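Here are my notes for you, written as numbered points. Keep the structure open beside them and look up each residue as it comes up.

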Amino acid sequence: MKKRVIIILISILSTILLIGIIFGIIILVNINKPVASIELDGTIYETDKKEITSETKAPNNYDAKTVVAYTMWRMENINFECTTKGSSNALGITQNINNHRVVINNEAIISTVSTSSFVKVAKERFFFSDKKVLLSDASSIDSSNTTAIFSTEDPKIATKEEYIKMYGWMPYQLTGYIIAEETYLEEPTMTINKDNTYTIKMKLNPEDTKAPYWYRQEILQNSKSTIVPEFSKINIEMTIDSNYRALNVKYQESYKVEVMFKVSTTTECVDIFNYDNLSFDQDRYNFYKQYEF
């Protein structure tokens with residue numbers, strides 16, 4: 001009887017050991033996988049934009065797609081401040097998001113901070129128009145309020161072309177997604193609100209060559225995924241004023257990435273825009289301006 005029990009125990013331990021070895025090999029293989037890369041050889045789709053002129057009427061005179069096209073153009077031709085709040089969830093782990101973007105004339109500063117109990121990431125970028133981009137990491141990150149202090153060491157320097165390969169889109173755009181006739185999943189809808197604002201709801205095509213073509217780069221850069229991000233859902237709700245300025249833009253995204261394991265990620269966040277009393281953080285602005293030439 002004892003011998004039989006010992007044999008059973010040895011069998012169980014051997015099975016556990018074998019499973020552990022296999023699991024360890026899988027982890028080792030995945031850890032050593034290189035970060036995926038995307039060949040950005042251009043796309044046949046571009047965001048629809050319509051120039052606003054003295055002949056342009058109020059949004060209630062147009063359909064939702066036309067209003068979106070006017071808004072895309074407007075946002076690339078005005079100064080603004082954008083604060084992004086939200087979270088991403090994967091495998092039951094929540095990553096809090098706190099981003100800030102200021103665009104004034106041909107310059108811009110973006111800070112992105114995301115924190116969880118396991119991962120803390122923060123980046124800052126300064127844009128000299130289309131000339132070059134300066135990139136800094138954080139010197140410290142506070143998970144309790146998802147904020148960061150950024151380094152005063154010499155920043156990395158990238159050309160616009162190099163930056164697009166890393167992040168896919170520039171801060172002067174409203175969004176990194178391609179929003180065009182060919183990238184809508186269905187007809188967007190527009191609601192006229194009581195306060196003379198307008199809310200447009202849209203569902204975009206998540207195929208690689210459609211709405212997320214460029215935005216995949218940013219997801220890849222932030223996640224260090226070993227596969228190209230695979231989108232399955234892109235829902236956007238945008239509220240604008242009568243001058244085609246975005247007031248807030250809400251995103252619901254679903255995509256898969258691989259960091260050791262392939263996981264499904266869902267993100268919900270909102271961009272909140274401001275147009276009054278715009279200014280850069282003066283200390284950070286002065287720090288970056290010394291690298292202008």
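1. Let's start with a quick one: is Lys-201 buried, partly exposed or exposed? Lys-201 counts as partly exposed, because its relative accessibility is 47%. The scale here is that buried means under 20% relative accessible area, exposed means over 50%, and partly exposed is in between, with a 1.4 Å probe and protein chains only.

2. Before you go on, a word on the ground rules. This is a predicted model, where local features need pLDDT of at least 70, side-chain atom pairs count only at pLDDT 80 or more, and totals for chains, interfaces and linings use all residues. Residues are numbered from 1 along each chain as its sequence is written, and side-chain values use heavy atoms, with hydrogens and water left out.

3. Now the overall picture. The protein has five helices and 12 strands; these are DSSP runs numbered from the N terminus, with helices being H or I of at least four residues and strands being E of at least two. Of the 293 residues, 44% are buried. The accessible surface is about 16300 Å², and carbon and sulfur atoms own 53% of that. Those areas come from the Shrake-Rupley method with a 1.4 Å probe, and for residues only the protein chains shown count as cover. Among contacts with a separation of 6 or more, 60% are between residues 24 or more positions apart; a contact means heavy atoms within 4.5 Å.

4. Back to Lys-201, which has a partner. Glu-237 forms a salt bridge with Lys-201, and their closest N and O atoms are 4.0 Å apart. Because Glu-237 sits in strand 10 and Lys-201 in strand 9 (residues 198-203), the pair ties together parts that are 36 residues apart in sequence. Glu-237 is partly exposed at 25% relative accessibility. The rule for a salt bridge is a side-chain nitrogen of Lys or Arg within 4 Å of a carboxyl oxygen of Asp or Glu, and by this rule the count is 13.

5. Have a look at two more of these pairs. In the salt bridge of Glu-207 with Lys-210, the closest N and O atoms are 3.9 Å apart. Glu-207 is partly exposed, at 45%, whereas Lys-210 is buried, at 13% relative accessibility. Glu-230 and Lys-262 form another salt bridge, at 3.3 Å between the closest N and O atoms. That pair links distant parts of the chain, with Glu-230 in strand 10 and Lys-262 in strand 12 (residues 261-274), 32 residues apart. Glu-230 is partly exposed at 33%, and Lys-262 is partly exposed at 46%. Salt bridges that share partners also join Lys-65, Glu-181 and Glu-187 into one network.

6. Where does Pro-229 lie? Find the loop between helix 4 (216-223) and strand 10 (230-240), and Pro-229 is there. Pro-229 is buried, with a relative accessible area of 0%. Leaving out residues up to four places away in sequence, Pro-229 touches Asp-208, Arg-216, Ile-219, Leu-220, Lys-256 and Val-257. Ser-254 is 25 residues from Pro-229 in sequence, and the two are 9.9 Å apart in space, C-alpha to C-alpha.

7. Strand 11 (residues 246-259) runs antiparallel to strand 12, and 12 bridges join them; strands count as paired if DSSP finds at least two bridges between them. Across this pairing, Asn-248 stands opposite Ile-272. Their hairpin has one residue between the strands, and Met-260 takes a positive phi near 75 degrees there. Strand 12 also pairs with strand 1 (residues 80-90), antiparallel and over nine bridges, with Ser-88 opposite Thr-267.

8. Last stop: helix 5 (residues 282-289). Which residues are buried in helix 5? They are Arg-284, Tyr-285, Phe-287 and Tyr-288. Those residues are on the same side of helix 5, because they cover an arc of only 160 degrees around the axis, taking the directions from the helix axis to the C-beta atoms. Their cover includes strand 3 (107-115), strand 4 (120-128), strand 5 (132-142) and strand 6 (147-150).
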